[in-house]
Amino acid sequence: MSHTLRPGSPRCRDLFARLSEYLDGELDEALCSEAETHLEDCPPCRDFLESLRRTVGLLDRLPAERVPEEIRREVRESLERLRRHRDD
Amino acid sequence: MEQAEEARLLERIRDDQPGAFESFVSLFEDRIYRFGVRMCGEREDARDVLQDTLLQAYKSLKTLKHPGALRSWLYRVAANACLMKRRKGKFEPEREVSLDDLGPREPGEPRTEIPDPAALPDEALARSELRQTIQKAVAEVPPHYRIVLVMRDMEHLSTTEVAAALNLPETAVKMRLHRARLMVRQRLEATLSGEGDAGEKR
């Protein structure tokens, strides 16, 4: 096993294409265990997986923006107008 | 809120119970707005996405056939509102990005580690350059990938819900999610290494 993660290396390439499924626990058991065996032997794949895991973790940690008060009011007024229009 | 609770809320809306639609608005308005901001990048567009989505919900929620699919339905409407915004802007062809362009750097190339989110305090992300760097990296992902990324990794819809919302096979959702994550990863690494545009390094 080459210790360079390269698209040209068949096992690295296969795993590279499915790393997100591995992270999300969406690989079936056989493929998952194959991925884990490969990851144990391939530090570049392991490093790359860690950088992808961190990327996904950072996306999850972004602060959640709330609707600004003026937009909240404006949208609720539109809904109220629609409701009145329907009731008339 | 769990699906069972959402289904109960939908029943209350169907029965015209007082305050039911208001509860629905309170429950989802922040999420839809946030989705609009992340997809469109502009607050004004996000306001339109929120308004269009809620007006559509008011008109159509009572006739929704599968109460369990409320979230998929809602995000589908919001996604369509975002896409309408796009059509008014610059036309961008939906090319598929090759995995070959999203791999790791060559050995020996300098690289900066992406920070471990588990080690970052909330304040570090609340008002920092890192937050802006992440937001910019997401904004640079082409829209047909970004929409999947935002729904899965930021709004936490399941693969099945995203597939239903976007009318895509689950395999396509997984493929687009993976490429979108790889694009963000590559841009983060490039920006944090001080290279600016990731596309220039190749």
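## Two exercises on a predicted model

Chain A has a radius of gyration of 24 Å, whereas a compact globule of 88 residues would come in near 12 Å (taken over C-alpha atoms; the globule rule is 2.2 Å times the number of residues to the power 0.38). This is a predicted model, where local features need pLDDT of at least 70, side-chain atom pairs count only at pLDDT 80 or more, and totals for chains, interfaces and linings use all residues. Residues are numbered from 1 along each chain as its sequence is written, with chains lettered from A and ligands numbered from 1 in the order in which they are written.

**Exercise 1.** Work out what chain A is built from and what its C-alpha trace spans.

*Solution.*
- Start with the elements: chain A has five helices and zero strands (DSSP runs, H or I of at least four residues for helices, E of at least two for strands, numbered from the N terminus).
- Next, the extents: the C-alpha trace spans about 75 × 25 × 20 Å along its principal axes.
- Then burial: 22% of the 88 residues count as buried (20 or more other C-beta atoms within 10 Å of the residue's own, C-beta atoms being placed from the backbone).

**Exercise 2.** Find how H8(B) and H9(B) are oriented to each other.

*Solution.*
- Grab the geometry: helix H8 (residues 159–166) of chain B and helix H9 (residues 170–192) of chain B pack at about 105 degrees, axes 9 Å apart (lines fitted to C-alpha atoms over the stretch in contact, angles running from 0 to 180 degrees between N-to-C directions).
- Classify: H8(B) and H9(B) are therefore roughly perpendicular (65 to 115 degrees).

Key:
Buried ≥ 20, exposed ≤ 12 C-beta atoms within 10 Å, placed from the backbone. Parallel < 35°, antiparallel > 145°, perpendicular 65-115°, else oblique.
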